[in-house]
Amino acid sequence: MESLIGLLVAAPLLGALVLLTGGRRLDRAGHWLGTALAATSFVLAVVLFFDLLGRADGDRTLHQHLFSWVPVAGFQADIAFQLDQLSMTFVLLITGVGSLIHLYSVGYMEHDPRRRRFFGYLNLFLAAMLLLVLADNYLLLYAGWEGVGLASYLLIGFWQDRPRAATAAKKAFIVNRVGDIGLSIAIMLMFTTFGTFAFGPVLSSAAETGEGTLTAIGLMLLLAACGKSAQVPLQSWLGDAMEGPTPVSALIHAATMVTAGVYLVVRSGAIFNAAPDAQTVVIVVGAVTLVFGAIVGCAKDDIKKALAGSTMSQIGYMMLAAGLGPIGYAFAIMHLVTHGFFKAGLFLGAGSVMHGMNDEVDMRKYGGLRKYMPVTFITFGLAYLAIIGFPYLSGFFSKDEIIYAGFAKGGTQGWILGSVMLLGAALTAYYMTRIMLLTFFGEKRWQPDAHGHEPHPHESPATMTIPMIVLAIGSVGAGFAFNLNESFAHWLEPVTGLAHGDSPVGHGTVSLAATAVMVIGVGAAYLQYGRRPAPVVAPAGSFVTRAARRDLLQDDFNHAAFVTPGTYLTRGLVYVDHKLVDGVVNGLAAAFGGLSGRLRRVQNGYARSYAVSMFGGAAVLIAVTLLMRAV
Amino acid sequence: MNDLQAPSIEWLALLPSLIVFGVAVIGVLIEAFAPRAARYGTQVVLTTLGFAGAFAAVVALAAGGHATTEAQIAGMGSLAVDGPALFLQGVILLVGLLSVFLFAERRLEPARHGTRVDSFAAQPAAVPGGEAEQEAVKAGHTTTEIFPLLLFAVGGMLIFPAANDLLVLFIALEVLSLPLYLLCALARRKRLLSQEAAVKYFLLGAFASAFLLFGIALLYGYAGTVTYAGIADVISGAPAAIDPGLASTMGNDALLLIGGALVVMGLLFKVGAVPFHMWTPDVYQGAPTPVTGFMAAATKVAAFGALLRLLYVALDGTRWDWEPVLWGVAIASMVAGAVIAITQTDVKRLLAYSSIAHAGFILAGVVAVSEDGVSSVLFYLAAYSFVTLGAFAVVTLVRDAGGEATHLSKWAGLGRRSPLLAGVFALFLLAFAGIPLTSGFAGKFAVFRAAADAGAMGLVITGVAASAVAAFFYVRVIVLMFFSEPKADGPSVVIPSPLTMSVVGLAAAVTLVLGIAPQYFLDLAGQAGVFVLR
């Protein structure tokens, strides 16, 4: 069975190689090849999953060692895989959602002349993401980490002829670079501390290591996680990343890649458990982000950007849960999986709407679409109910568990965390209802596109609706299934540990409170957007609204805090380089040049003066020799 | 009166030089008796075979242990057969062999009246531009005497580093110099410049020889003998015998110091060290480029060999006297060569000043006075000679209507027109500059390390600083070739015959091999670093 693990990665990698190097002759069938290889990976994942299920609890970790990369004394970099319950969960999510989105893309990208390349990049992403979650050491994880970053960059900028897409790709790449430095420093620290990169030895010996070192490693890992998962303060790239094709937004920037940060923190749980200060920072980052993202989501009129804010916010929940330690790890992952279903479903639904509306993204120009796109409406609606935490749908179970765990943190902290998360839940209900109402209900506010074409909304083809239906089923049922006898938490327990904190409020109370704030959120949105027609042009709005539309001024902040000083620093360095360094260098050069010009004149071409020079030289030679003896 | 005794000669140990001289004599006979049409082919083949045979003899002697355990002094104390001698003879013979190809190249000049001609004057004795010359050109004459001249010059160079006796040293000097003076005068184009260079070289060379000879006389007065071993004995205070006729002068240190300084000066003239370097740019520029390449490479090898042996075998006891002087000469050469080269506008003059700077670098290894110093100099010489030969071979190929286009401004943009050739030239320039992965780096590193180990840090620092200055003008040429717009009336690169191509290719290969994997050759030079004393 172990030998199948490598194939999980190899199948999409092969697809990427073939599709990206195969040339135009693959244009006609390339997308089906890519989809088939993604599905192959999924089938392998299911086979491995049932194999794991058939084993005893403690025997569910498989290893595959491919080869050692540069084996030298004291440095062992193995290309080796580890499949345990945590990786398995991710593998199923990645290959499952990934295959569905491959299928969806067949329809969505039908008219794009570069579809083959698109599928090549998607396959490349799958391979890198699987490498990331299957690596058995941090160095190989880093390879996958960079690989998904590359795929993300290529796919955000897939429509490279659009300046906004190209800029967004660059922005994502640069912001991620900041986070990646964190990961590389963390890995270096690990190597100097533990002498190895492998999960097993690093994590098992973490408990005996000094807390200071672990805090440093933890903070660096968190920096990496913030970059990849778009958490404050490295969140600014995610909104712009929506310039990529919608399937990309669904797969990479909602369901899988952006959750890699959560994976990293949960995988490194042993380090964080022993470094409470680092954990606190994780919690703060998660809490801030969940509110931040929700506020941004409330103000955006671009359907994809509103959903991107929501993604940020939901990952904030996961990050917060991961910061809680063993009482939160399992639920962070559980929310990650359910979120994978409903958020991917929402994005695919948004893509389907855009498909029918001439690629219009402004929700103020939608309206009344439920009659024209029934399947999209129903699947989107189910995912909507799931994310706002409608009782007994997926989000209800996973989010409530996290809120409960927040209270269970205990003390004042617990109350603060719980309240913040309840606030987040209210905001979630508000902005999701807003999206729902603006898009599917109310009057038609359709506008002709730039070329004057009136939109003719229609239901999308089966290749697009089938994935949406499947994801809707997952959005409805996954949470219930996972929560049955806490099956999901127990499945993960051997890897992440599981603890039930001591909460001042009971499970039932939390659920009730969460449902209540959800109703408040829905109601507020209904009062604002459901009862009266929404204006096509956004009203000016309050200061908060305007700030939220500008992503709470994140770009302005980055510009003022980093870009401007950086520019001045560069200018200063250039000035110093020009005046001082070049001055010295040019001065030296000029001095030597002048000297050279003078010395050159001695060479006048007359043999007689050459002879004099020789004679003088000989005289000096003799004189110095004699003088040396005399001294 | 003593009876004259027939000298005992170790013929086999002297085989390399004997072969070269023998072939040279045959070459002269061919010039005298063979029909004009047959001379070129015969001479080329014969000269090539002569050098190849002599090189084989060197290899055989080295393989027979003559470089190490069997090292000896042959010919009644006049010639050493040891590691340094054989190593340098091998290098000189290889340079000679490649020079034959450069000399024999006949595809560069446009054919005259149906005859392909080389870079040498049709009728050297004719007045430049005169009727006799035009007739000779019309008749398609060529000067095939260059091959015997080359052989004699190489023969002298083989003896030079092996000379273990001041008189043999002097004779070797003259044997190698006279053919070079002639060769310098033989350019086909710019004949007046060529003849001027030859006359200057001859006059200054004669001047230097006079100093050398005077120094030999003084040393004889000091030691009563001209053999290196005998001089060393007197310096160490254990003369073998006291000549009653010289009893008043023997052991007089003034004679030793002045004589030694004058002999060293004669050799420094040959290597082109400051302040005895003035002839170098003029002669390098005026001489036919194949001759310049040969001369720049081989003369330096031979002269440094002779200098090393003189200093290490005969004058070793006075090293405290000559070390500071050579320090000064080395520094002056490095600095003056590098600095003056900055403002040169002619490729050949640029390379001439570069060779002066390199003489300084090599002297740094000489001053180290250690086995490492000797072997580092040997390695440097081997590396440098191939780079030099290759660089001048490239210069022969860049031509316009007036022959070789040596003015630097004409080389602008050469890299765009002929990237391969410009790339190879850039490789040679980088090797001159001592950039890693070229032989120049390995050589410089070895020399500076030896000097540093011997405590000559000042020399090393100056050397590195001079290298930095020198890098400027080497890289400037590279920039000129690759990053400047080509001129509309710029020169073109002539496609040569396989002869020149093989020279350029081999030189580039040696440059890379000695740069990338120098260890084998460093070991070889290391094993060859011991002089035989008696």
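**Between the chains**

Guide: A:Arg629 forms a salt bridge with B:Asp253, with the closest N and O atoms 2.6 Å apart. A salt bridge here is a side-chain nitrogen of Lys or Arg within 4 Å of a carboxyl oxygen of Asp or Glu. This is a predicted model: local features need pLDDT of at least 70, side-chain atom pairs count only at pLDDT 80 or more, and totals for chains, interfaces and linings use all residues. Residues are numbered from 1 along each chain as its sequence is written, chains are lettered from A and ligands numbered from 1 in the order written, and side-chain values use heavy atoms, without hydrogens and water.

Visitor: How many salt bridges between chain A and chain B?
Guide: The count is two.

Visitor: Which helices of chain A supply at least two residues each to the side that touches chain B?
Guide: Helix 23 (554–602) and helix 24 (607–630). Helix 24 of chain A gives the most, with 15 residues. Helices are DSSP runs of H or I, at least four residues, and strands are runs of E, at least two; both are numbered from the N terminus.

Visitor: What area is buried between chain A and chain B?
Guide: About 2,700 Å², and carbon and sulfur atoms give 75% of that. Buried area is the accessible area (1.4 Å probe) that two parts lose on being put together, summed over both.

Visitor: Which residues in chain A lose the most area to chain B?
Guide: A:Met614, A:Leu621 and A:Arg629. Together they make up 25% of what that side buries.

Visitor: New topic. Is A:Asn176 buried or exposed?
Guide: A:Asn176 counts as buried because its relative accessibility is 6%. The cut-offs are under 20% relative accessible area for buried, over 50% for exposed, and partly exposed in between (1.4 Å probe, protein chains only).

Visitor: Where does A:Asn176 lie, and what does it touch?
Guide: A:Asn176 is in helix 6 (residues 163–194) of chain A. Leaving out residues up to four places away in sequence, A:Asn176 touches A:Gly227, A:Lys228 and A:Trp237. Contact means heavy atoms within 4.5 Å.

Visitor: And strands 1 and 2 of chain A: how many bridges join them?
Guide: Eight, between strand 1 (residues 62–72) and strand 2 (residues 75–83), which run antiparallel. Strands pair if DSSP finds at least two bridges between them. A:His65 stands opposite A:Ala80 in strand 2 of chain A.

Visitor: Which residue in that hairpin takes a positive phi?
Guide: A:Gly74, near 80°. The hairpin has two residues between the strands.
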